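Colleague: I would like to learn how to read aromatic ring pairs in a model, and I hope you can take me through them slowly.

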Amino acid sequence: MGWSRPEQPTIPTVYYTFRAKDAYSDQLVTYRVEDLTEDRYNDMIQHFTENFVDDEPLCENRKVSSSVEGIRHLKLFWHWCFAQNMTLVCHKEGSGVKTPEKYDWQLKMQSQKEGDILAANEYLTDNFDLFGHYGVDKYLAAFGLSVNRRYRGRGIATDILKARVQLCKAFGIKLTTTTHSENNLKSWQNSGANLGEILPDSWRKPPDERQKCVRHFRPGNFTAPGSQRAAAKAGFKTDLEVT
């Protein structure tokens, strides 16, 4: 039986607050990272459509933004992620601007574009045993770190990742992981966690098919650079790299 969020802490809980520059000035303002609430699901779908799909290297490589079917499947996937009640959003106090990070997914996508992305993630998962290496029976997997373009360059991605560590502590989860293409590594290493990704057995493919899929992607361009920089600053550790 899969893990599900307990009743406590309640939604929404604030996990982290920090100070950073405002969007249009050098003035420092307060941001907070908290649970995504159901009334903001559609706002987050719009955010990811406008700020994530064209920037994330796997989605860009497969031209997902130009595929009606691909966007439809991603929206279904995001809605499923949000419904797991483990999505974090960061927003400036006193405003409705939020930038989400999504966690742990099992929704099967049918299109070839999404299938290629999943196979590339599987290839990394199959080559590093997170359960055995860290001696855990569960971990929090992530898919999608995205900051509104107006708020980039202010260290916000790193603080979102630091908030994920606090989220894990609140639920007794000892490990959080993700896969990154070369754009995202710094934020992870600065927040203090470990990289990886796990996918359901229903998506397993023969090794030769997985490797063939991985070769379709440009070498060294597997996740967004901005997220990698944030991970590095947040103290995350890299367990496996494929170039």
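**Reading the ring pairs**

Modeller: Ring pairs join Tyr16, Phe18, Tyr31 and Tyr151 into a cluster. This is a predicted model, in which local features need pLDDT of at least 70 and side-chain atom pairs count only at pLDDT 80 or more, while totals for chains, interfaces and linings use all residues. Residues are numbered from 1 along each chain as its sequence is written, and side-chain values use heavy atoms, with hydrogens and water left out.

Colleague: How is a pair of aromatic rings described?

Modeller: In general, one gives the distance of the centres and the angle of the planes. Rings of Phe, Tyr and Trp (its six-membered ring) pair if their centres lie within 6.5 Å, and planes under 30 degrees apart count as stacked, over 60 as edge-to-face and the rest as tilted. By this rule the count comes to eight aromatic pairs.

Colleague: Which parts does the pair of tryptophan 3 and phenylalanine 171 tie together?

Modeller: Tryptophan 3 lies in the segment before strand S1 (14-21) and phenylalanine 171 in the loop between helix H6 (156-170) and strand S6 (176-177), so the pair ties together parts that are 168 residues apart in sequence. Helices (H or I, at least four residues) and strands (E, at least two) are DSSP runs, numbered from the N terminus.

Colleague: Is phenylalanine 171 buried or exposed?

Modeller: Phenylalanine 171 is buried, at a relative accessible area of 10%, whereas tryptophan 3, at 36%, is partly exposed; buried means under 20% relative accessible area, exposed over 50%, and partly exposed in between (1.4 Å probe, protein chains only).
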